[in-house]
Every structure is written in C-alpha cells, then in structure tokens.
Amino acid sequence: MNAPAPEPIIALRGVTRTFGSGETVFQALKGIDLDVMPGEFVAVMGASGSGKSTMMNIVGCLDVPTSGSFRFKGFEVGNLGRDQRAMLRRRYLGFVFQGFNLLARTTALENVELPLIYRRDDASSRRIASMAALEKVGLADWSGHTPSELSGGQQQRVAIARAIVTQPEVLLADEPTGNLDSERSREIMALLSSLNRDAGISIMMVTHEPDMAAFAHTIIHFKDGMVEKREKNLAIANGNAPTDATD
Amino acid sequence: MIGITIILALREIRRHVMRSFLTTLGIIIGVAAVVTMVTLGNGATAAISSQISSLGSNLLTVRPGQGFGRGGGAASPPPFEEVDVDAVRKQVAGVLSVAPQTSIAATAIYEAQNWSTTVTGTTNDYFQASHLKLSAGRIFSDAEVDSGKSVCVVGSTVITNLFKGGDPVGKTFRLKAISCQIIGVLETRGAAGFGPDQDDQVVMPIKTVMRRLTGNREVRAFQVGVDPAYDTTAVSASIAALLRERRKIGPNADDDFNIFDSKQLADTLSGTTKTLTLLLGAVATVSLIVGGIGIMNIMLVSVTERTREIGIRLAVGAVQSEVLMQFLVEAVALSCLGGLLGLGLALVATLAISPLMGIPFVFDLQINLLAFMFSAAIGILFGYFPARRAASLNPIDALSHE
C-alpha cells in the first residue's frame, strides 16, 4: 500500500452474513469488499433482498459479520460485544431512518438531546448543542413542537439534527427520503449534501431513487448479496451538483 | 446518569398520566389498605389499653362466685365478711390497700327530682384503687368512715339528673329512708369502658350503707391495690390460698370466688388486637403484591408498545444497562408515586374513620415508612423482568418493529 494514501474510515473485506441454520439457512451477504473514505458520500442501491440493509446494519455496528472483517477507522469491529458497539455508535455514528423514528409526544429539542443524554453531557451543554443542531437543519423555531405537530420533511430534519448533534464522523441514512414527496426529498438531500460538504461528515445512504443517488460521490449497486458495481458520480465530480437551487 | 434516568422516567409517567394512575392503582389501594388497617388497629389497641388502665392498674377485684363463663355452683356462694377483708389486708404480702364494697340499688330524691342509681358502700381506698378523681369537694374523713356518717361522694350522672345547676356540694338529698349530705363530686369518666357505669353511683362509707340501707354486714366484693414491686399473679395466688382456707374449701374443690386481674385482661385484649392487626395487615399486603403484579403487567405491555423507542435509544448508543435502568426506574418511580398516594389516602381514611369508630388517631411513622419501602421494593421486584426484556431487545429487530 502506498504510504500517503488516506485510510478508509469504513473497510469491509470478504464480509458474509448468514441468517438461520440447516435447511432454512440464508446468506444475505456473500463476501463484500467495500471502502468508504473520510468525507465521502456513498449511495447504496439495489433491489430489496440484495443485502444492502444487512450491510448497513453491520456498518452501523448494530450487527456483526458472520465472517470477514469490518474495520472502522482501522479498528476491527467484528469481535466487539454489544455494549462496546453501542459506545462506537454513540461516539462516531449518526442514524437517519426512512420512518424518521422520533420519540412520540416528545419535543423536537428533547428528541435531538437524546444521544447527548447517553454521552452524559450536562443539561446546559445538551441544550446548546441541540439548539445548534436544530439551527443547522433550519428548525430552531420549532424546538418545542412534538413530531405530530411537524410535517414529514420537518420530522426528517429533526431526525437529521439528532444524528448530527453528536458531531459524528459517519452518517448512515436508510432511505431517508422514502416517505417524502419529491420536493421535500430534494430539500433533505440538499441538507445532507451540505452537511457532507461543510461539516465533512461521511455519508452512507441507501436509496431506491436514482434522483437521490445522484447527490452522492459514489454509487454502489448491490445484487444478490454481492457488490455488482461501483461507479463514480461524474456530475458531482465535475462540480455539477443536482438541483442545488432548492437550498 | 441516575438523575437523568429519573427525569426521563417522570417525563414518561407525565406523558401517560391516566395510564400511570391506573397502573399504580393496585399499589395505591394496597399501601392505603395496609397503613389504614395497621393505624386503626393501633388506635383500637390504644383505646382498649386506656380503657383498661382506667380500671386501675395493679388492681385485683375479688368477688364471690366462680369467674367468667363457668357454670355457677348449686347454691350461690356466701359473700365475704369484714374479717376476710382485714385478713387480706394484714396477711398477704404486697397488698397496699383493700377497699371492701357493698352495693344496693336505690332511688335518690332531691326536691321534685328523682333518679334510680346504685349506692356503693366502701372506704377511701376505693377512690385510689379505682382511679376515681373528684371534680369538687373532698373524700371521706377517717371519722366519717369509722362512725358511719351519712355523707356521700356522687357521680356526675346523678348530679346532672338530680340538681339543675348550682353547686351540689353541701346539699342534702334523700336515699330511701335516710338523708345524705354531698361532700364531693366524682370527675366524669365517660360511658366507655368495662364494668358498671362509674358516673352513675353514690359512694358512701361502708358502715353507713350496711347499717342503714342493706341491713347486713355482707361485703359483696373488694378491690386490692397491689404494690407495683410485686407480681399481681403471685399476690392473686396468695389471696386465693388465704380465702380458700378462711372459706374452708376442700383441697379438690373449686374456688367459690374469683379474682379479676385488670393487667391480665389488658394483656389478653391488647394481644388479641395486635394479632388482628397483624392479620388484617397481612391480608392487605396480599393486595399490595397484587398491585405489584399489575405494575409488571403494564410494564410488559409498555415494553412491547415502546419497542421502537427502545430501538432508537439503542441505535443512538444506549448500552443495555442504561435501557434496563430506564425501565426499572420507571417501574420504581411508578410504585413509589403509588406508595405516596396510598399513604395520603390512608391518612385521609384513618382521620375520617377513627372518630367514627371512637378510637384515637395514632400516626405510626414506622408502618408508613415500611409500607412505602415495601412499595418501592415491589417496583424493583416486578419492574426487573420487563426492564430485562427491554434491555435484551435486538436493536435491529426493535427498529423494524411495527
């Protein structure tokens, strides 16, 4: 390996993941090799059942490979225990889900504060950091509202604020625009792009929509538990980000 | 961390006020039941003790005839004589005072009023042994007792019914064929208690009653005040032995008199109420445990209902012990709140019921603390299982839970 080459923040080598045993055994991942560089925005596409969600769970330290190696910042995660992986999540990872997954009957501010509670930040620094995160997603005026009082796009913005409030190195987004209309979707994508560009957060995003994948630097196609192809997004590489006008 | 966990738990409870209240209803009722039962039981014990101590402590009452519940002999046993009383006074160790009594029903008449009452003939020892105090006037002088003068100390019931206002001391009223001067008035004792109503009596020197009212020298009963340094049981046995000898009772025959020990009655009655209190407390404790099962039930439902929330918490980096703590603290907070409400309810209930039952309100800090701690312990006991289940959820499954 050449000395000056930057080390990938996420490195999967020969990762397999098998569910069940005996007759009903199902191999969701059949040997994945995949790198994500710091600051990279990767879109993952593929039919359902292609293994992309399984891969996301492993990268998100929610699951471990059956075999193969997953290194996060050069550190092997595969043999860590449950609580140790929780520590990794709380320190380095942010999650954005298709269904927003906000706590019901809980204000936007309290939702955003949640990860900081587990980091044992004190009340005032929690508040400051959470308000800053809500500010970043443009919802500073909505901090006292509960999810049921917010639109879908706003809920997803709160979820993004919750994901970035810990200043993670990697943001994992599982179909973040799956429940939103196209205009709201583009707003969310523009927000993710700007977080990637301005805060340098690496993003790995699962999506079904080529329009959304077009915001990423790299698009990885999954098929039958394998990486089918990995392509550079030439438009982004040439500096032509899609529909930045909505920003 | 524990601080924030408590805050989170209280927030969760506040979010579901109605459900939380219903969940803790079992604990509320359980704690209230235990504390109310025990508090009322203590009040009843206190009431009984004070009634018994009003009879006089270290007091033996000796009557002819066999005691409670035993079939009477063929012939009614003879009364005592004054010499028996003297013998007990002089020959039995530990006897402080002996008050012989004889009594007769009589109608008291003053001007146009009359009142049927009981005349008790006795000595000054009677006031001391029976713990009777005077509200006005004086007790008998030795000369009055010895010479059998027609003077009397009168109970408050008699005073109320005979004299309409004015100071009765010094006034004279008629009892059967004799007239009698009031020298003292007994303090009102109240109807509660055992034995005859001591407010409704006229106390006279025993000689006066024997000579001028009953016409015989029979002593119907006598009270023995026992030196506190002596055991009443032993003194009672000595008196029994002396009386058997004086009344010539054969070695195999039963006593034809009975000795009533107020202390024994006190012990028996307060022992009985304590047992009853314990029993009621135990029954109430069962309802407390049932309340705990109610909490477990709702917590289990809550864990299922909040599976996705648990998934979110795990995803943002909560470790298992933190999720466990959250649900455990929630259960404990619920049961503690229930416990506090239960204590409040018990306080209101006992304050309301005590006067109805005519017993004093005795606040027992110990049982309140105990019931509260028990409710907290139930929260831990029955909260652990649901909390354990929450903590062991797989984050991926929890997040995809619908």
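Predicted model: local features only at pLDDT ≥ 70, side-chain atom pairs only at ≥ 80, totals over all residues.
Which residue in strand 8 of chain A is the bridge partner of A43(A)? Residues are numbered from 1 along each chain as its sequence is written, and chains are lettered from A and ligands numbered from 1 in the order in which they are written.

**Figure 1. Strand 3 of chain A and its partners.** The bridge partner of A43(A) in strand 8 of chain A is M205(A). Strand 3 runs parallel to strand 8 (residues 202-206), joined by four bridges. Strand 3 also runs parallel to strand 9 (residues 218-223) of chain A, here with five bridges, and A43(A) stands opposite I219(A). Strands (E, at least two residues) and helices (H or I, at least four) are DSSP runs, numbered from the N terminus. Two strands pair if DSSP finds at least two bridges between them.

**Figure 2. Both faces of strand 3 of chain A are covered.** F41(A), A43(A) and M45(A) are buried on one side, and V42(A), V44(A) and G46(A) are buried on the other. A buried residue has 20 or more other C-beta atoms, placed from the backbone, within 10 Å of its own. Because six of the six residues of strand 3 (residues 41-46) are buried, the strand is largely enclosed by the rest of the structure.

**Figure 3. An open, antiparallel sheet in chain A.** Four strands line up in the order 2-1-4-5. Strand 2 (26-36) and strand 5 (75-76) stand at the edges with a single partner strand each, so one side of each has no neighbour in the sheet. Two bridges link strand 4 (residues 67-72) to strand 5 in the antiparallel sense; look for R71(A) opposite E76(A).

**Figure 4. Where chain B meets chain A.** The contact takes 17 residues from chain B and 18 residues from chain A; two residues are in contact if their C-beta atoms, placed from the backbone, lie within 7 Å. On the chain B side, helix 1 (2-15), helix 10 (307-315), helix 11 (320-357) and helix 13 (395-399) each supply at least two residues. Helix 10 gives the largest share, five residues.

**Figure 5. Chain B as a whole.** Chain B has 13 helices and 10 strands. Its C-alpha trace spans about 105 × 55 × 35 Å along its principal axes. Buried residues make up 40% of the 402 residues in chain B.

Terms used
Buried ≥ 20, exposed ≤ 12 C-beta atoms within 10 Å, placed from the backbone.
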